[in-house]
Amino acid sequence: MTALLELEDVEARYGPVHALHGISLAVDEGSVVAVLGPNGAGKTTTLRAISGTVRRSGRIQFGGRALHRLGPDGVARLGIAHVPEGRGTFSELTVWENLRLGAYTRRGSVQSELERVFTYFPWLSERRRQQAGTLSGGEQQMLALARAFVHRPRLLLLDEPSLGLAPVLVAELFRIVRDLNETEGLTVLVVEQNAHLALQAADAGYVLEAGRVALSGTTADLKADDSVRRSYLGY
Amino acid sequence: MTQSAAATSATRAVGGALERLPPPTSLLLVAGAAGLLVGSLRSEVFAQLTVQGLALGAVYGSLALALVLVYRATRVVNFAQGELAMATTYIAYQLIKWGLSYWEAFFATLAIAFVLGTVLELALVRPVQHRSVIAAVIVTVGLFILIDGVVNWIWGGDFKYMPTPFGTKTYHLGGVSIARLYPGMLGVVLVSVVLVWALFRFTKLGLGMRAAALRPAESALVGVRVDWMLAIGWGLAAVLGAVAGLMAEPSQFFLDPTLMQPILVYAFAAAVLGGLESPAGAVVGGLAIGVSLNLVVQYVHPITSELQTPFAFAVLLAVLLLKPSGLFGHREVRRV
């Protein structure tokens, strides 16, 4: 397997504060990779460095192309969909307009993309005229995910998808992500506080601590690791 | 989208907009329209003033809409919007002098205005906006002075005369005579406004522009080129301003560099009355200001035409004090 996404010695800062001290990681095409770690470890910043929403240095390669000079819109056009923490739904726009924005970089008709997404989220079809801000938190998270799928990304960046969601919805969400990975070969990089869930859904994982990669491996390796068990799985 | 589908969807959008208005506002609008109708049926002078006021109000509304578009896109109040409109009217004047017909010059001017608005945003506003909004607002005040100076330098301050766009025909409806100019102005402005609205509502570009104005960071994440969208927004605003300038000129019967200065005050009053965030509010606010200025000067004794501009300012002040969100402003519906 070849790496679709490769980060080499990536640093990022918010003003004077260093958030990443040289992160290196690789995501293989067609895999689901989880990023674990405590608060402030730089998990969200890692995703933001990839999508270009934070100032970064170092080498970022995506499908053989360098990302580190591109802004967020350029990264999106290469086929990377980033679902940010707090969802990033356009609450003032309708459900349909949100989905249409997901396909913004695609040319021509997007009807078939929408139909495809409605097979995963059938309820969205009936509510396409509803203002997105009036959806519940869980529904907005699903909408954000659906919007990312309309984009037909080569790589999906998911930031804390379980945040503030009922457990039933979280399970549903991960089931859909896994489903898309298996049936359509979607590559996913997911940041998740809930290590149980993340390691269940992922093929491989990275544990970040204080802006550095502390540990990495397949999910089986990580589950077997004592420090991971103690710190993140709690047994 | 097929035509009938677009039409249905447009009807639904208009119906939906009325439903979404706060009840006092929709009541006020219906009562106002009914009052104008009854007054017009009872008095010929009232009817003439109403039609004229609506035509002038459409011009104010068009400039107000330009202000709202710029404000929504970049959070900048563009004090130079009126002067930009005045300058583009001079460009039309020049094109006609060079031999173009009125309507050729009209459309050529709109194209030039679009380029001008876009370039101004890219060259002058963008570089300072990252520092602070106030810096950008001060730049627009500087632009006001700059444009005024340049126009005076090129064309001089004396009156210029342009051919009339709608001829000199007068319609007679019962005892009411209405110069063709006024329905003409109203028609041109409303068609431009509807076209701009349709662009925002039904096209991918319009969706991108709305998204970029509402949430720039999230828009970039889905691949919208936010910077371009904001520049295009300024271009469209300049086009609406040019329409306002070109339609204001025949109502004044001559062109001079102060053409848009009182109109800018009326447009501000209209935009604030409608709610600075609401495009529909700007247009309705413009019509309301236009009609009420005309009627108040005729029927309210101590207010004469000299007091028109102060009266508009009083409206602006009253709205800011009593209902800062304006008639069409509403609290955002959002569930967390």
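Strands are DSSP runs of E with at least two residues, helices are runs of H or I with at least four, and both are numbered from the N terminus; two strands pair if DSSP finds at least two bridges between them. This is a predicted model, in which local features need pLDDT of at least 70 and side-chain atom pairs count only at pLDDT 80 or more, while totals for chains, interfaces and linings use all residues. Residues are numbered from 1 along each chain as its sequence is written, chains are lettered from A in the order in which they are written, and side-chain values use heavy atoms, without hydrogens or water.

**The sheet of chain A**

Chain A holds an open sheet of 6 strands with mixed pairing, in the order β6-β7-β8-β3-β9-β10. Its edge strands are β6 (80-83) and β10, each of which pairs on one side only. Direction ignored, neighbouring strands of this sheet are turned by 15 degrees against each other on average; axes are lines fitted to C-alpha atoms, for helices over the stretch in contact, and angles run from 0 to 180 degrees between N-to-C directions.

| Strands of chain A | Sense | Bridges |
|---|---|---|
| β3 (32-36) and β9 (204-209) | parallel | 4 bridges |
| β9 and β10 (212-218) | antiparallel | 6 bridges |

Opposite Val35(A) stands Tyr206(A) of β9(A), and opposite Leu36(A) stands Val207(A) of β9(A). Towards β10(A), Gly205(A) has Gly217(A) as its bridge partner. The hairpin of β9(A) and β10(A) has 2 residues between the strands, and Ala210(A) takes a positive phi near 50 degrees there.

Helix α1 (residues 43-51) of chain A lies across β3, β6, β7 (155-159), β8 (187-191) and β9 of chain A, and runs at about 145 degrees to β7(A).

**The interface of chains A and B**

Contact, meaning heavy atoms within 4.5 Å, takes in 30 residues of chain A and 24 residues of chain B. The two chains bury about 2400 Å² between them, 59% of it on carbon and sulfur atoms; this is the accessible area (1.4 Å probe) lost on being put together, summed over both parts.

There are 2 salt bridges between the chains, each a side-chain nitrogen of Lys or Arg within 4 Å of a carboxyl oxygen of Asp or Glu. One of them joins the side chains of Arg210(B) and Glu97(A), at 2.8 Å from N to O. On the side of chain B that touches chain A, α8 (204-214) and α9 (216-221) of chain B are the elements that give two or more residues. The most come from α8(B), with 7 residues.
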